[in-house]
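Student: I would like a close look at one part of this structure. Please take me through the sheet.

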Amino acid sequence: MKLIFLGSGSAFTVNSSNYHSNMLLIDDTGAKLLIDCGSDARLSLAELGFTYKDIHDVYVSHLHADHVGGLEWLGFSSYFDPDCEKPNLYLHHSLETPLWENVLSGGMSSLQSHMADLSTYFKIHTIHDNEAFFWNKVRLQTVQTLHVMNGFKILPSFGLVFTVNDTKVFITTDTQFSPTQLGDFYEWADIIFQDCETANTMSGVHANYTELLTLTPEIRRKMWLYHYNPGPLPNAKKDGFCGFVVKGQVFGFG
Ligand SMILES: [Zn+2]
Ligand SMILES: [Zn+2]
């Protein structure tokens, strides 16, 4: 089982030197789970020699375009290819209606001679609170993170924890710095993939590098940083982290 980062950049990637932080979990049979399908996905997949035909399973964490902006491409490409089955779409149940009504329906609800909905394009698998979903024998549990608080309401993202070959993995997906909420998972994991903003101006909706520096050395030493901004990066290894994930980096679990 391995995890490949198609990209490790933020939503603000500027060119092909890095892509959005979408990943492929690939099992020993070659089956693939695409973790987030952002608007870069067709390019980042192509760079590794993959097309929509290789994507039968996709998980989405939340509704920002760097995580779901490629679903129209994936849905239409599969729909109009008679050799393709509908991809399985795994998502937290709270995302299903807004994904369609607020994100995809504008471009995808009208087909020639008939109307479509999300299930026209995808086999939908919703995940409920405190439930996990299984993908090819791997049990993936969602972890709600605090991503955006608009003043009245929290827009969460749904990170993932899973265990493969006794390696405990935590992918935060997009999250503010919230060590109190995520502390148990930081302790539990053997390897952490952590959202890390490196911009000087803090957006408030991502964990900033300067905040992550305040974590204990024990947590930092099992933490890989991703979803960072274009431009120069601090010396993460010197600061006790595993480092910044680079585009195309592969992690084997076993
Ligand atoms: Zn986001
Ligand atoms: Zn993002």
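Tutor: Here is the sheet, strand by strand.

This is a predicted model: local features need pLDDT of at least 70, side-chain atom pairs count only at pLDDT 80 or more, and totals for chains, interfaces and linings use all residues. Residues are numbered from 1 along each chain as its sequence is written, while chains are lettered from A and ligands numbered from 1 in the order in which they are written.

The sheet is open and has seven strands. Their order is E8-E5-E4-E3-E2-E1-E16, and the pairing is mixed. Strands here are DSSP runs (E, at least two residues), and helices are runs of H or I with at least four; both are numbered from the N terminus. Two strands pair if DSSP finds at least two bridges between them. In general, such pairing runs through backbone hydrogen bonds, either parallel or antiparallel.

Now the edges. They are strand E8 (123-127) and strand E16 (250-252), and each pairs on one side only. From one strand to the next, the twist averages 20 degrees.

A helix packs on this sheet: H4, residues 93-108. Helix H4 touches strand E5 (88-92) and E8. Touching means C-beta atoms, placed from the backbone, within 7 Å. The direction of H4 makes about 115 degrees with that of E5. Axes are lines fitted to C-alpha atoms, for helices over the stretch in contact, and angles run from 0 to 180 degrees between N-to-C directions.

Strand E1 (residues 2-5) pairs with E16 in the antiparallel sense, over three bridges. Look at Ile4: its bridge partner in E16 is Val250.

Conventions
Contact = placed C-beta atoms within 7 Å.
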